Amino acid sequence: MPYPEYFIAPMRAELADAGVQELRSSADVDQALASPGTVMIVVNSVCGCAAGKARPGIVMALEHERRPDVVATVFAGADIEATERARQAFLPYPPSSPSVAILRDGKLVYMLERRQIETRDARSIAAMLMQAFDEHCQTATA
């Protein structure tokens, strides 16, 4: 059973307010994955490491001069169909929430799993993502 929307709305808003596109259906995920260039998909979650580390780190990383062409999110425990579809694109990595995947032209090139998030603070998560952006993304923000 999905989490009630009133419960997760502030957690969704934290990324949406940073310009992250919400993917709520498998069709939304398919459309994002079909985008040319780099696509970053965040698997958002209610867990404490998402709130205290992952979301703030992602927001910081998105201030970087180089970033993915598309930045999107699915919410584990709420956007069930969308999350399952996104995780298919992350194979062979097992399901992990929170997590961040970067795909280039539909191929997975970077994965940040919960186990890596749990042991870091928001600043180091941002630094890891910015390094991945520099390595995998061509687009520099204006």
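**Salt bridges in the predicted model**

Glu5, Arg12, Glu22, Arg24 and Asp79 are joined in a network of salt bridges, a salt bridge being a side-chain nitrogen of Lys or Arg within 4 Å of a carboxyl oxygen of Asp or Glu. The structure is a predicted model, in which local features need pLDDT of at least 70 and side-chain atom pairs count only at pLDDT 80 or more, while totals for chains, interfaces and linings use all residues. Residues are numbered from 1 along each chain as its sequence is written, and side-chain values use heavy atoms, with hydrogens and water left out.

Across the whole structure, nine salt bridges are found. One of them pairs Arg24 with Glu5 at 3.8 Å, N to O. Because Arg24 lies in the loop between strand E1 (21-22) and helix H2 (26-33) and Glu5 in helix H1 (residues 5-16), this pair ties together parts that are 19 residues apart in sequence; helices (H or I, at least four residues) and strands (E, at least two) are DSSP runs, numbered from the N terminus.

Asp79 forms a salt bridge with Arg12, with the closest N and O atoms 2.9 Å apart. This pair links distant parts of the chain, 67 residues apart, since Asp79 is in the loop between strand E3 (70-75) and helix H4 (80-89) and Arg12 in helix H1. Both Asp79 and Arg12 are buried, whereas Arg24 is partly exposed at 41% relative accessibility and Glu5 is partly exposed at 36%; buried means under 20% relative accessible area, exposed over 50%, and partly exposed in between (1.4 Å probe, protein chains only).

A further salt bridge joins the side chains of Glu118 and Arg114 at 2.8 Å, N to O.
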